[in-house]
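Dear colleague,

Please find below the structure that I am handing over to you. My notes on what was found in it follow directly after.

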Amino acid sequence: MALEELVMPKMGESITEATVLKWLKNVGDPIEMDETLLEIATDKVDSEVPSTVSGIVSEILFNVDDVVPVGTIIAKISTGGEAAAQIPKEEIPNPKTEADAQPLVTQSPATASNQHTPQANNGGEPNRFYSPLVMNIASKEGISMTELENIQGSGKDSRVTKKDIINYVNNRPNSNNQIPNVKAAPTSEPAVSVAHTSTNSETKASSNQPTTKAGQNVEIVPMDRLRKLIAKHMVDSVQTSPHVTSMTEADVTNLVNWRNKVKNDFQKNNGEKLTFTPLFIEALVKCIKRNPLINSSIDGENIIIKKDINIGMATALPNGNLIVPVIKNADTNNLYGISKQVNGLADRARSNKLKPEDTQGGTFTLTNVGTFGSLMGTPIINQPQVAILAVGAIKKRPVVIETPDGDVIAIRHMMYLSMSYDHRIIDGSLGAGFLSEVAKELENFDTKRTV
């Protein structure tokens, strides 16, 4: 009997971990090669993990809601013919229970390092189990092991569930107040998380306190998983890159008039709608080719200039969350090819059918804040990229036009553009210069081109 190890796959260059959403097989179940074993989620997209071999599921090493680093062993599959007979069905635990359930068949080293089994708690229950998820929350919230042992658990055998610890955090007393029925931690046992500066300590203490008071007319809505990941991604980006935002405006009258004239023929001839996004991407690609440093990332003290131009397209989902599918090799596609990718990715994003590779490999991001009526915005860089361009709503305005016969006032289609860039390697001269080039590229649109 041979055991094959299934590891958490790498889902992208910036993704280091994934959350287990659902196990589709139990220990003892047969599984075929390429058959889905579990569903996982990253900050980019939800996806399925298939088995790399055929056999019998022998061990499942993580529970639902566990956060697992990329490359960690998550399950073992027996490829021996007698494996099924060795695993009695009535003894197989169900991995589809909540994250605080009894540990499954075995624990991987990564899981074991995140859990603790105290000798006794305040109820006298010996060997109370703490799931990796509970321990992770305790670590992030600065909850000491003494506090954890005194939280009343509602799970099996008084185990502390995710709900129990979140309720405790939300109702945690002020640090200056006496916590009922909790013994003081010995000085030799530090808290799980220790702040390094007084400022961080005060911020941490503040974040542990309820933000609402009794009697306030409010509604508390917990973040869903994707919103939490987006929030973390945005905070990490601001803490990583010193953001600078430059702004300009463009007269896109020629572009708007041309699109209005050809859009019906374009759809009839190509079977694809012609939106403004592919036209913006075309202009971006031309300018990136002339300014390759915009299409880069930072690795320590090295600048990595990307030869492929893969444009991320920020897309709003029906639930209000945001995802960034990527138009691969945009510089090698014509207008039809870009339009096909844009429309296909947008449709799959809104129907939750994106594949992991659809959100990987982006080198520059475009976000259309004008879709929601905004004139301009100050976008946050999509790490590890170094720049992101926002285009605002196209509005008709009276503007002054210079002609050989003098200045005239005319009604034109105007659009604001704003670009945030990483000031570690993109200086104002390059950032503002690149943005001006994009605006001029849009303004000088060729109205005689054919579809």
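Which residue in β8 is the bridge partner of Glu-5? The bridge partner of Glu-5 in β8 is Lys-76. Before going further, please note that this is a predicted model, in which local features need pLDDT of at least 70 and side-chain atom pairs count only at pLDDT 80 or more, while totals for chains, interfaces and linings use all residues. Residues are numbered from 1 along each chain as its sequence is written, and side-chain values use heavy atoms, with hydrogens and water left out.

**Overall content**

The protein has eleven helices and 19 strands. Both are DSSP runs numbered from the N terminus: helices are H or I with at least four residues, and strands are E with at least two. Of the 451 residues, 43% are buried. Here, buried means under 20% relative accessible area, exposed means over 50%, and partly exposed lies in between (1.4 Å probe, protein chains only). The protein exposes about 23700 Å², of which carbon and sulfur atoms supply 49%; accessible areas come from the Shrake-Rupley method with a 1.4 Å probe, and for residues only the protein chains shown count as cover. Among contacts (heavy atoms within 4.5 Å) with a separation of 6 or more, 66% are between residues 24 or more positions apart.

**An open sheet**

Four strands, in the order β1-β8-β6-β3, form an open sheet with antiparallel pairing. β1 (3–7) and β3 (30–31) are at the edges with a single partner strand each, so one side of each has no neighbour in the sheet. Two strands count as paired if DSSP finds at least two bridges between them. Five bridges link β1 to β8 (residues 73–78) in the antiparallel sense, and Glu-4 has Ile-77 in β8 as its bridge partner. Val-57 stands opposite Ile-77 in β8.

**Helix α10**

Helix α10 (residues 335–350) has 16 residues, which at 1.5 Å a residue should span 22 Å; its end C-alpha atoms are 23 Å apart, in agreement. The expected span is 1.5 Å times one less than the number of residues in the helix. Its buried residues include Leu-335, Ile-338, Val-342, Leu-345 and Ala-349. Among the elements that cover the buried residues of α10 are α8, α9 (276–290) and β12 (311–313).

**Individual residues**

Thr-367 lies in strand β16 (residues 364–368) and is buried, with a relative accessible area of 14%. Leaving aside neighbours within four places in sequence, Thr-367 is in contact with Ala-314, Pro-379, Ile-388, Leu-389, Ala-390 and Val-391.

Asn-257, in helix α8 (residues 253–270), is partly exposed at a relative accessible area of 43%.

Met-247 lies in strand β9 (residues 243–251) and is partly exposed, at 43% relative accessibility.

With kind regards
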